[in-house]
Amino acid sequence: MNKLLIIISLAACFIMSACSDDEPKDMSELIHMWVSAQTTETSIWGDDNHGNPIECMQVKYSSDGSWEPMMFGTIEYFQYEKGVEYELSVIRTRLSNPPADGSSLAYRLESVISRKVVSANIDGLRDCIEIPSEGEDFDIEFTTNAPCEITRITGDRFGDVNLLELYDTGYGNGYSLQLKIPQNPGMGRVQLLTLRFSNGDEKEIGIWQMPRAFTETETFELPQAGSLGYMIGTDQSNFGKIRNISIVGTMNANDAYYLNRILESHGYQGYGEKPQYTVDLSHSGFVEGENGKYSDCGICDIKSEYLPAVFTDEVPSGLFTSNKYLSEVVLPENIRSINPSAFSHCISLVKINIPSTCIEIGSHAFSSCTSLVNVEFPYISQEIELPYLNTIGEAAFSQIGRLESFVLPESLKTVSTTALSFYVDKLFSLTEEPPVWEVPGNAGYVVGPKPDGSTLYVPFGCSEAYKVSEKWSKFKIVEMPEDKWWEMIP
């Protein structure tokens with residue numbers, strides 16, 4: 001009987017063993033994988049993602065294979081860093097019973113064969129560090145995937161900047177940037193620290209200190225086009241205190257933008273106050289370009305759609321349009337054109353000069369400047385060559401205040417239909433022959449200077465030519481003296 005039980009038990013074990021061998025098993029193999037330093041995007045449908053692209057790794061299974069997307073965290077025990085290229089030894093397991101909503105493959109890191117930093121990454125250190133005008137001492141802790149050091153310090157020299165100091169974070173990639181910045185006695189200033197990484201990458205970090213408290217009258221000497229933004233800082237209540245502005249040096253579109261920021265920064269004013277600004281550009285000029293001096297560090301980096309178009313010898317169209325606080329502007333002598341609508345609707349503008357180099361005043365350049373009473377032609381003298389102005393565009397001076405005086409230089413032979421539609425006390429015409437109006441059809445459409453109570457001064461011996469002119473005969477005409485006639489012009 002015992003022998004029979006033993007035989008039956010052995011048979012059962014054999015049968016169970018045979019059944020067990022037939023069940024599927026997980027199959028593992030050791031493979032090589034390459035992981036790219038650059039990530040990509042893929043779409044995965046799920047409850048939370050809804051098929052939207054999500055960031056993931058790129059991997060391949062041979063050195064000359066094609067890159068394939070793989071989700072972060074797919075390889076167990078492997079921590080991916082952007083900018084780092086890897087060659088890995090990985091145990092890949094084909095699961096005999098994969099989850100219903102998961103992959104049939106599982107990956108586990110066996111070893112990192114090679115690790116190469118392709119692009120350096122920084123975590124915890126901004127491109128631009130803003131410092132108050134009072135100064136500050138502080139440490140900035142950050143991490144990076146590649147060892148680094150400070151190789152250059154450029155820009156404005158201020159204060160003591162300690163060299164980059166390495167401290168132990170437990171991972172060997174932690175740094176502390178220690179800064180000691182003293183009080184700023186002048187305009188906003190920037191110092192650049194250049195970090196060089198072990199893979200050869202370099203990165204500039206801008207340290208931007210805000211300016212001292214501004215007064216009512218300030219002169220900004222631009223070390224380079226695009227500097228005005230960082231010189232005035234970010235505190236509108238500070239640069240909003242300025243009333244008289246002088247710019248020395250070349251300006252680009254970025255500077256023009258920040259000049260307008262000053263002119264529009266009236267929000268800090270007391271109730272009922274109407275500020276007025278004077279702008280002296282006599283020692284400046286416009287150059288092409290739109291970037292701020294330190295735009296690479298994100299300092300004063302303005303989108304191009306917000307910037308006016310600036311040319312080397314022109315006042316840009318719309319540069320000061322609709323600024324209701326601008327009261328006086330002195331333009332630089334190199335200006336050859338005041339472009340259309342450059343000052344239109346500046347309702348507080350009282351005084352402007354026309355440089356001797358100016359050839360053209362564009363249409364509507366000063367239209368609706370209802371307070372404009374003084375248009376200066378400072379070059380009218382015996383010593384200075386007469387101007388080149390030959391074009392005044394349509395409605396260039398329409399709907400302005402009553403001018404104290406205006407000069408029609410000898411170079412101005414023709415006048416657009418509505419170019420001179422303004423009231424003036426003293427009108428000076430320096431041409432021996434009366435300027436001709438360009439009449440597009442109906443002569444009644446022509447709107448010239450209003451003769452109401454004004455006097456037209458003409459060259460010596462030329463009064464008769466003006467008196468027989470239908471347009472000019474409406475004025476009270478007075479001949480200027482033959483000698484020192486320029487002394488009559490205000």
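**Close-up 1. D425 and its salt-bridge partner R402 in the predicted model.** In this predicted model, D425 has a relative accessibility of 33% and therefore counts as partly exposed. The side chain of D425 meets that of R402 in a salt bridge, with 2.7 Å from N to O. Because R402 lies in the loop between β26 (391-392) and β27 (403-408), while D425 belongs to strand β29 (residues 424-429), the pair ties together parts that are 23 residues apart in sequence. R402, at 33% relative accessibility, is likewise classed as partly exposed.

**Close-up 2. The salt bridge between R152 and E202.** Here the side chains of R152 and E202 meet in a salt bridge, and the N to O distance is 3.3 Å. R152 is found in strand β11 (residues 148-155) and E202 in strand β16 (residues 202-209), so this pair ties together parts that are 50 residues apart in sequence. With a relative accessibility of 39%, R152 counts as partly exposed, and E202, with 40%, also counts as partly exposed.

Close-up 3. The side chains of K467 and E464 form a salt bridge whose N to O distance is 4.0 Å. Both residues lie in helix α5 (residues 463-467), and because they are 3 residues apart there, about one helical turn separates them. K467 is partly exposed, at 44% relative accessibility, whereas E464 is exposed, at 52%. In total, the structure holds 11 salt bridges.

Close-up 4. Side chains of opposite charge can pair when their charged atoms come close. D255 is placed in helix α4 (residues 253-263). When its neighbours within four places in sequence are left aside, D255 is in contact with L222, A225, G226, S227, L228 and T250.

Definitions and conventions
Residues numbered from 1 in each chain as written. Predicted model: local features only at pLDDT ≥ 70, side-chain atom pairs only at ≥ 80, totals over all residues. Heavy atoms only, no water. Helix = DSSP H or I, 4+ residues; strand = E, 2+ residues; numbered from the N terminus. Buried < 20%, exposed > 50% of the residue type's maximum accessible area, 1.4 Å probe, protein only. Contact = heavy atoms within 4.5 Å.
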